[in-house]
Amino acid sequence: MKHLLSVADLDRATALEILDTAARMNMLQDREVKKLPPLRGRTIVNLFFEDSTRTRSSFEIAGKWLSADVINVSAKGSSVSKGESLRDTALTVAAMGVDALVVRHSASGAAARIAGWVDCHVVNAGDGTHEHPTQALLDAYTLRQRLGDFEDRHVAIVGDITHSRVARSNVLLLHNLGARVTLVGPPTLLPSGVAGWPCDVSWDLDAVLSGKAGGDVDAVMMLRVQRERMSGGYFPSEREYAIGYGLSPERLDLLGEHAPVLHPGPMNRGLEISSAAADGDRSVVLSQVKAGVSVRMAVLFRLLAGSSAEVVL
Ligand code: CP
């Protein structure tokens, strides 16, 4: 595997191998010295054309814990603000002897375009409304920790599906791993081609969470309402959205006791998720963030050290 541009690049065995490697990388988090040597002398550039807190920092930490040199380049403060094209920027950065580019961009397909121009490895760190493969991997890692096997597990993904690269990557990966997914959202926030996705679809959150539509739910993933990608009215008001699709304290009680609450972040508290749900016992939001470092270490390790390399802790 040269690049990770989509979860479609991962067959089931490869996805599970990455999750297994991440579990080994995760052991590092309990150590005082969090450093392994395998990527010593390698250079990784985080090329971010869109804002990020979790993805950029965790890729930086992941690269550094594997002893790579990691440089952050963002659109703000770079020559992109002087009008340099995506191609020229990518070729310029890659020409500096870079081994991997980790790319975030607001345009769907941007990471794949860059992969066609440069010789180094490219990791998609989120491209428009298309995909966010390492987010799906870290979500799968978190679910595996809480639920064990994926086979026949039922995951509800709720909210602004239309604008969510996280939803698309999760549906594909969870389906590939053997889980069942139900997407829940208002009709205006379900993409037009969703009928062709390998999942069920519902507009009724209460029916899904209570198991009346599609059977018991093993986990619920709330999605951010992506106001910055919306032009026009997708719902009458934030209050009505919260009433229909927010994870309120009352809705939490509809879930089975074992079911964790996930959110990729950043969260709009009081809109798609209440503080009771975000901070309660069921919330695994910070476990997802922690898993992000281990999973990104596993991805960088696999791409740069090779699929046959062993993690020596
Ligand atoms: N989940 C996620 O991609 O968060 P950031 O935008 O903070 O990276």
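How far is an oxygen atom of the ligand from an N or O atom in the side chain of His132?

Entry 1: I worked on a predicted model. I looked up His132 and read 2.9 Å between an N or O atom of its side chain and an oxygen atom of the ligand. I then looked up Arg104, where a polar side-chain atom lies 2.8 Å from a ligand oxygen. For Arg54 I noted the backbone: one of its N or O atoms is 2.9 Å from an oxygen atom of the ligand. On its own the ligand has 250 Å² of accessible area, and the protein covers 91% of that.

**Entry 2: the shell.** I listed the residues around the ligand as Ser52, Thr53, Arg54, Thr55, Arg104, His132, Gln135, Pro264 and Gly265. I sorted this shell by type and got 6 polar, 2 charged and 1 nonpolar. I checked the pockets as well, and the ligand sits in the largest pocket.

**Entry 3: the domains.** I noted that the protein is divided into domain 1, 7–128 + 290–312, and domain 2, 133–282. Their centres, taken over C-alpha atoms, are separated by 26 Å. In the contact between them I found 28 residues from domain 1 and 24 residues from domain 2.

**Entry 4: ligand and domains together.** Which domains supply the shell around the ligand? I found that domain 1 and domain 2 each give at least three residues to the shell.

Technical notes:
Residues numbered from 1 in each chain as written. Predicted model: local features only at pLDDT ≥ 70, side-chain atom pairs only at ≥ 80, totals over all residues. Heavy atoms only, no water. Near = heavy atom within 4 Å. Polar contact = N/O pair within 3.5 Å; in protein donor to acceptor, adjacent residues only side chain to side chain. Areas by Shrake-Rupley, 256 points an atom, 1.4 Å probe, with all protein chains shown as cover. 1 Å grid on protein atoms, 1.4 Å probe; cavity = no way out; pocket = protein on both sides within 12 Å on 5 of 7 lines; lining within 4 Å. Sits in = over half its atoms within 2 Å of the grid points. Nonpolar A, V, L, I, M, F, W, Y, C, P; charged D, E, K, R; others polar. Domains from an automatic or database assignment. Contact = heavy atoms within 4.5 Å.
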